[in-house]
Each structure stands twice: as structure tokens, then as C-alpha cells.
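The entries follow in the order I made them.

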Amino acid sequence: MRRLLAGVALLAGCATYTPVPVSRVAQLETYDARALDDPALRAWFDSLGVAAPSAAWNPRQLAIAALWLRADRGVREARIREADAALVSAGARPQPGLSTDIEYAFTDPQADSRWGLALAALFTVELGGKHGARLGRARAGALAARARVREEEWQQTGDVYRAALDFEEARRTIARATGERRLLDSMVELARARFDAGSLTRLDLSRLQGDQRAALVEEQRAAEGARVARRALAGVVGLPARRDSVLEVAPTQWPPCGGDNADRAALQRSAL
């Protein structure tokens, strides 16, 4: 009975692998369901001690959201768990074993039994600091895995900030183009009144109307550039393309660097 219980215990301790099929439809639905108002994302912000915005998002908040929304978050966490598991395995001591030897005697027919069974215990002793070296390599691997994850997160954060800066510049370009187009609209209206009064030639009016059409084209081009920049920002954050229109980004005041006379070392410390 004891042997049976021991065998069951050994079988229960063995790790088993159960394959899980990957559903492309489920993955697509999960991706399409991503949103900045997801309660799980809000809980992620609460766990970090950061207040999630109710409407407009600034670049820092978008960078934090990207760390949770991006699909590679699970890959990064799996790398750390793998490194931690390797550290646990490296700390394990060699297990004792059992050696058996069965013999059959052909030369002694008078013996009580011709069969003989020999049992021997086996113990492995690691010498030369092998155990410590193995642990050291595992600790270095775990540290390197975390360093790679932090580097990837830093690069991802930089991508979000660059995309937010591009979007902010696109919005400023639209504002400048719209202001210029409105100014030309007013100038054309005044020029048309002067033309009707006979104090302006047709050539001057046509020139102003051409500038008005060029300003309108530039405004439309700037609007398209802003839509592209917004879509790129949504993609970097990890949102599906169809949700880029609901991405409200707060106007960001990027601090100046202080000109050519700024302390370079102080700027580098602030950046880090």
C-alpha cells in the first residue's frame, strides 16, 4: 500500500503540458475591444499610484497606458518568469538515487536461490564551486532579463513621446494653416468689395483668390497630416485604428532646453 501511495505521489508531482489552441477570432475581438476607458486599465493606473484622466490624456499618461495595452506586455512578463524559474532550478541540489543489480548464479545448484539482488544508494556531491557558479549564472540571467524588459519599456515610452510630439506639431500646423486661410478669406472679401467699387483690378483680385485656394489646400493637407499623426499615436499606444478618433490628447507645453547657454550636465540629469 505504501509503495502504491509513493507511486501516485511521484506521478502527481510530474509537470504536464496541456496545449491550448489559439483562436484568431478571439484575438481579433480582444484587440478591437481595447479602449482607454477599460476598467482594467484604470485599475492598472491605481496600482501604480497614478491618476487616470477622465478625458484628455497627456504623453506621460499615454506612455503608462501603452505599457498595459501593448500585446508584448505578456511576452515581457513571461521572460521574467522564465528567468526566475531558471534561478529556482539552479538552486536545486542533486537528488539521491538508487542503483540495483540483479544476478543469476549458474555454478551453485545447491544454493537456496540462484537469484541475487543488490541495492546501493547514490549520492552526488558537487565540488569546485559548481553550485555557486550555477546560481551566479542564473542570478545574472534574471538580472539581464529584467534589464532587457526595462530597456524595451524605455524605448516604448520614447516612441509614445515622439508620436505625441509629432501629433502636437501637426495640431499647431493646422492652427497656423487655419489662421492663414481665414486671414486670406477676409482679404478676399475686402478685395472683392474694392473690385466692385472699381478701385482694384481683376488681376489683383485673382492673385488674392489664388492665394486663398492655396491656403485652403495647405489647411486640408495639415488636417490629413494630423489624422495620420493621431492614428500613429494610437498605434504606438496599442489602440486599434478605429479608436483613434476618440483619442483625446491634452495640449502639451514642451519645456524649452534653455538655449545654447544651458548646463548640458543638468539637462542630462533631468532627462534621466
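Is T178 buried or exposed? I looked at its relative accessibility, which is 13%, so T178 counts as buried. The cut-off for buried is under 20%. I note that this is a predicted model.

I then placed T178 in the fold. T178 sits in helix 6. Next I checked the partner of its side chain. The T178 side chain makes a polar contact with the side chain of E219, at 2.9 Å.

Next entry: A234. I found A234 in helix 7, which covers residues 202-237. Its relative accessibility is 0%, so A234 counts as buried. I also looked up its separation from A164. In sequence, A234 and A164 are 70 residues apart. In space, the C-alpha to C-alpha distance between A234 and A164 is 9.5 Å.

Next entry: nonpolar cores. The largest one has 26 residues. L36, L62 and L233 have the most contacts inside this core. I asked which helices supply it. Helix 3 (39-48), helix 4 (59-69), helix 6 (130-197) and helix 7 each give at least two residues. Helix 4 gives the largest share of this core, seven residues.

I took L62 for a closer look. Leaving out residues up to four places away in sequence, L62 touches L36, W57, V160, L233, V237, L247 and V249.

How values were computed. Residues are numbered from 1 along each chain as its sequence is written. This is a predicted model: local features need pLDDT of at least 70, side-chain atom pairs count only at pLDDT 80 or more; totals for chains, interfaces and linings use all residues. Side-chain values use heavy atoms; hydrogens and water are left out. Helices (H or I, at least four residues) and strands (E, at least two) are DSSP runs, numbered from the N terminus. Buried means under 20% relative accessible area, exposed over 50%, partly exposed in between (1.4 Å probe, protein chains only). A nonpolar core is a set of buried Ala, Val, Leu, Ile, Met, Phe, Trp, Tyr and Cys residues joined through side-chain atoms within 4.5 Å. Contact means heavy atoms within 4.5 Å. A polar contact is a pair of N or O atoms within 3.5 Å; within protein, one must be able to donate a hydrogen and the other to accept it, and residues adjacent in sequence count only if both atoms are side-chain atoms.
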